[in-house]
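Here is a short briefing on metal sites and a helix. Look at the sequence and the structure first.

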Amino acid sequence: MYNTKAYSAASATSPLASTAIPRRDPTPNDVQIEIIFCGICHSDLHQVRNEWSTIMPTVYPIVPGHEIVGRVTKVGSAVTRYKPGDLAAVGCMVDSDRTCPHCQAGLEQFCPKMTLTFNSPDKHLGGVTYGGYSDSIVVDERFVLRVPANLSLAGAAPLLCAGITTYSPIRRWGVTKGKKAGVVGLGGLGHMGVKFAHALGAHVVVFTTSPNKKENALRLGADEVVVSRDANQMQKHTGSFDFILDAVSAHHDINAYINLLRPDGTITIVGAPEKPLAVSAFSLLIGRRNLSGSLIGGIAETQEMLDFCGKHNITADVEVIPIQKVNEAYERLLKSDVKYRFSIDMASLKSE
Ligand SMILES: NC(=O)c1ccc[n+]([C@@H]2O[C@H](COP(=O)([O-])OP(=O)(O)OC[C@H]3O[C@@H](n4cnc5c(N)ncnc54)[C@H](OP(=O)(O)O)[C@@H]3O)[C@@H](O)[C@H]2O)c1
Ligand SMILES: [Zn+2]
Ligand SMILES: [Zn+2]
């Protein structure tokens with residue numbers, strides 16, 4: 001065991017602050033990574049503030065962060081795919097049982113024994129796992145991913161959650177040329193959804209509550225932008241979408257979007273607001289529409305997404321911040337004031 005620098009929160013109302021946390025010495029299958037960048041996902045904020053207390057109560061202290069890129073510093077004796085000096089990445093999961101039907105199907109995210117990167121029981125050290133707002137992390141090589149060499153590291157970090165969470169449902173529901181796809185909420189997830197749907201050739205419409213994001217949405221690849229608080233603009237799209245991705249972090253009226261689907265169209269929820277969303281049965285009945293959800297993606301699909309990003313030169317648009325600005329960044333995230341992901345430069349932690 002060794003200690004590494006990190007930022008943690010002591011309670012739902014405490015700011016994140018500098019601390020030291022234990023990491024295990026690499027076992028034969030482990031890769032030790034020095035973290036270079038870690039993205040800030042809205043899920044970090046939900047969990048730091050215990051907003052998902054009914055589903056997965058937060059254990060304190062919490063070290064969030066699951067959009068991790070870095071460099072391999074050490075590998076265990078049985079590791080074959082990584083060596084010291086390689087670039088490596090870690091997303092939302094660090095382990096699973098590898099034997100259940102979900103793991104066999106490459107859907108580790110549904111494994112009943114899946115270990116999340118933070119706030120999950122830690123099989124090695126006891127307590128809970130600690131995430132990427134830290135200097136280093138030790139992860140089984142099966143949960144380590146390769147970062148294409150042509151991508152900027154700061155912009156690649158958010159692919160590990162925002163990237164896979166949007167790529168997976170967009171692929172699953174066949175978003176491609178000739179399809180009309182909507183993205184609700186132009187935040188970290190939403191802006192990646194726009195990039196993927198655009199790269200796949202769909203006609204992309206962004207729904208935003210922030211009129212000032214319009215120009216950026218077009219630059220990111222949207223064909224149209226709708227300010228969702230404008231009922232007239234919404235009305236024009238009634239019954240026309242093949243697919244809509246709902247990436248909103250807060251309470252909102254999902255029926256307004258279900259009504260925009262054409263018959264047999266699908267809306268997939270990836271946003272995880274604290275409180276349940278009310279669904280009008282009639283919105284679904286009329287047009288036999290589908291309401292679905294999606295949770296990150298499996299390890300193989302995450303690598304597929306990273307390779308797709310390498311090929312199409314896709315990264316997140318990031319604002320790089322030092323770790324010392326993380327609490328300020330959380331407040332800005334709540335105001336939808338980030339274009340479009342904060343990426344923490346972990347070199348800043350060395351001065352703590
Ligand atoms: N399913 C999964 O596997 C998964 C993975 C990662 C994250 N998530 C969840 O996905 C959600 C989005 O995460 P994120 O990191 O992309 O968050 P984010 O960067 O904060 O983006 C959320 C966006 O939602 C919109 N929004 C915020 N408040 C709103 C309100 N009151 N009404 C309508 N729209 C509002 C804003 O877009 P506009 O300004 O354009 O309106 C905002 O930029 C979070 O709940 C997160 O926990 C789920
Ligand atoms: Zn996330
Ligand atoms: Zn399993």
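Donors are N, O and S atoms within 2.8 Å of the metal, and water is not among the atoms, so sites may look incomplete. The model is predicted.

**Zinc ion (ligand 3)**
- Its donors are spaced D-x2-C-x2-C-x7-C along the chain.
- Asp97 (OD), Cys100 (SG), Cys103 (SG) and Cys111 (SG) coordinate the zinc ion (ligand 3), at 2.0 to 2.3 Å.
- The site is tetrahedral, with angles of 97 to 120° among the four donor atoms.
- Cys100 sits in the loop between strand E6 (93-95) and helix H2 (101-104), and Cys111 in the loop between H2 and strand E7 (115-116), eleven residues apart.
- Cys100 and Cys111 are both buried.

**Zinc ion (ligand 2)**
- Cys41 (SG), His66 (NE2) and Cys161 (SG) coordinate the zinc ion (ligand 2), at 2.0 to 2.2 Å.
- Cys41 is in the loop between strand E3 (30-40) and helix H1 (42-48), and His66 is in the loop between H1 and strand E4 (68-75), so the pair ties together parts 25 residues apart in sequence.
- The donor spacing along the chain is C-x24-H-x94-C.
- Cys41 and His66 are both buried.

**Helix H4**
- Helix H4 (residues 162-172) is mostly covered, with nine of its eleven residues buried.
- Among the buried residues of H4 are Ala162, Ile164, Tyr167 and Ile170.
- The cover over the buried residues of H4 includes helix H5 (188-199), strand E12 (241-246), strand E13 (261-269), helix H10 (299-312) and strand E16 (341-345).

Key. Residues are numbered from 1 along each chain as its sequence is written. Chains are lettered from A and ligands numbered from 1 in the order in which they are written. This is a predicted model: local features need pLDDT of at least 70, side-chain atom pairs count only at pLDDT 80 or more; totals for chains, interfaces and linings use all residues. Side-chain values use heavy atoms; hydrogens and water are left out. Donors are N, O and S atoms within 2.8 Å of the metal (3.2 Å for Na, K and Ca); water is not among the atoms, so sites may look incomplete. Four donors count as tetrahedral if all angles lie between 85 and 135 degrees; four count as square planar and six as octahedral if opposite donors are over 155 degrees apart and all others between 65 and 115; anything else is irregular. Helices (H or I, at least four residues) and strands (E, at least two) are DSSP runs, numbered from the N terminus. Buried means under 20% relative accessible area, exposed over 50%, partly exposed in between (1.4 Å probe, protein chains only). Contact means heavy atoms within 4.5 Å.
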